[in-house]
Amino acid sequence: MFNPTKVGIDDIRRRTADRASRHGWTDPLFYETTEADPGTGQAAEAVAEGVGLVLACGGDGTVRSVARGLLGSSVPMGVVPLGTGNLLARNLDIPRDDIDRALHVAMSGRSRSIDLGEVSYTDGDGREHDDVFLVMLGAGMDADMIAGTDAGLKARVGWLAYVGAFATTLISGHRIKVEYALDDGPVVQTKARTLLVANCGMLQGGMVLLPAAVIDDGQLDVMALRAKGVLEWAQAGAVLAGHTVRHRVSSLRRRGSPGELKEVHRTRPVDFRQGVRVHTRVLEKPAAFQIDGEDCGTVTEFSARIKRRGLTVRVAH
C-alpha cells in the first residue's frame with residue numbers, strides 16, 4: 001500500500017520490486033491509497049489475495065489505515081515511513097530516513113506482535129465513528145497543536161513544524177472539563193490541558209512522554225495534564241522529564257468498584273493511570289481530537305480499549 005501523493009513513489013516501487021527479488025519474495029502487488037480510502041480496503045483486498053506481507057508506505061495515517069484492514073488476519077505489516085511524525089516507526093525502531101533499510105527490515109526482519117487500540121467516538125456534530133490507533137489519541141492541547149500546524153511548513157521542516165504550534169497552543173490554550181473512567185474504576189472528573197490515551201509513549205524528536213507505556217503489555221496508559229500557572233507547569237515538567245511515572249505504576253493500577261463516587265482531582269498537575277479500556281466524556285463544548293497525530297476535528301465522547309497483540313509488524317532482528 002502506498003500513498004501516491006508522497007514524493008518519490010516511482011523510485012520506491014522500483015526499490016520494493018528489487019528488494020522482493022533479493023529476499024525471495026514474489027513480484028509485489030501495488031495498491032494506491034485514496035482520500036476516500038487511505039489503506040483499509042486495499043489492505044483487506046491484499047489479504048483476500050493471499051499475500052504473505054503487506055507494506056504500508058506513507059505517514060502515520062496510512063500506517064493506521066492499513067493496520068485496520070489487517071484486523072483479524074495473521075498477515076504481518078511492514079512499515080516504510082514517509083510521513084512527518086512516523087510515530088509507530090519511532091516506537092519500534094524501524095529506520096525512518098533510509099527507505100532501503102526500512103524495506104530490508106520489512107522483508108527480512110522478524111515478526112513482532114504488538115497491541116492495537118480500538119476507539120469509538122462521537123464528534124462535535126453528533127456523528128459516530130470507529131477507528132484504530134497504534135500510538136496514542138488525545139483530546140485538548142495536543143490535538144489543538146496538530147490542528148494548528150501549517151501543512152506547508154510541516155512538508156519543509158518535518159516534525160519541527162510542531163514547535164511553533166505548540167508554543168501558540170501553550171500560550172492561548174484552555175483546559176477542557178472531562179470525566180473518564182478506566183475499566184471498573186472510579187469516574188475521575190477534572191479540568192485538563194490534554195487527556196492522552198497511549199499504546200506506546202515516544203513522540204516526535206524522540207521525546208518519551210509516557211515511559212510506562214509498552215506496546216505489547218496489554219494496557220492503555222492514560223495521562224491527564226492539568227497544569228496551570230508557572231509553578232504547576234514546572235511541577236509537570238519535572239514529572240515528565242524525570243520519568244517519575246515508574247515508581248507510581250503499582251499504586252495507579254488499583255481498581256475501584258462499580259458505582260463508586262466520582263473522584264475529583266484538583267491538585268496533581270499530572271495524573272497517570274493504566275487499564276484495558278477507558279471511557280471519556282467532554283463536559284463542556286466539544287474538544288479538539290487527534291488519533292496518531294492526525295487531526296480528527298472535535299469530540300464530545302469516546303471509548304477506547306486495547307486489543308492485546310492484535311497486529312503483527314515486521315521489525316529488525
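Two residues are in contact here when their heavy atoms lie within 4.5 Å. With that in mind, welcome to this predicted model. The chain has a mean pLDDT of 84, and 79% of its residues reach 70 or more.

**The nonpolar cores**

- The largest nonpolar core has 40 residues, and Leu311 is one of the four that touch the most other members, along with Met77, Leu88 and Val313.
- There is also a second, separate core, made up of 26 residues, including Val119, Ala192, Val197 and Phe302.

**Helix 3**

- Helix 3 covers residues 60-69, and because eight of its ten residues are buried, the rest of the structure largely encloses this helix.
- The buried residues of helix 3 are Asp60, Thr62, Val63, Arg64, Ser65, Val66, Ala67 and Gly69.

- Strand 8 spans residues 194-198, and five of its five residues are buried.
- In a regular strand, side chains alternate between the two faces of the sheet.
- On one side of strand 8 sit Thr194, Leu196 and Ala198, on the other Leu195 and Val197, and both faces are covered.
- Val197 is also a member of the second core.
- Strand 5 (residues 136-140) runs antiparallel to strand 8 and is joined to it by five bridges.
- Within that pairing, methionine 136 stands opposite alanine 198.
- Strand 9 (residues 220-225) pairs with strand 8 too, again in the antiparallel sense and over five bridges.
- Here leucine 195 has alanine 224 of strand 9 as its bridge partner.

**Cysteines**

- A search of the whole structure for disulfides finds zero.
- Cysteine 57 has 5% relative accessibility, which is under 20%, so this residue counts as buried.
- Cysteine 200 counts as buried as well, because its relative accessibility is 2%.

**Where to read with care**

- Over residues 157-165, pLDDT stays under 50, and the model has 19 contacts beyond four places in sequence for this stretch.
- Residues 243-261 also stay under 50 in pLDDT, with 29 contacts beyond four places in sequence in the model.
- Where pLDDT is low, the predicted coordinates should not be read in detail.

Conventions: Residues are numbered from 1 along each chain as its sequence is written. This is a predicted model: local features need pLDDT of at least 70, side-chain atom pairs count only at pLDDT 80 or more; totals for chains, interfaces and linings use all residues. Side-chain values use heavy atoms; hydrogens and water are left out. pLDDT is the predictor's confidence in each residue, from 0 to 100. A nonpolar core is a set of buried Ala, Val, Leu, Ile, Met, Phe, Trp, Tyr and Cys residues joined through side-chain atoms within 4.5 Å. Buried means under 20% relative accessible area, exposed over 50%, partly exposed in between (1.4 Å probe, protein chains only). A disulfide is a pair of cysteine sulfur atoms within 2.5 Å. Helices (H or I, at least four residues) and strands (E, at least two) are DSSP runs, numbered from the N terminus. Two strands pair if DSSP finds at least two bridges between them.
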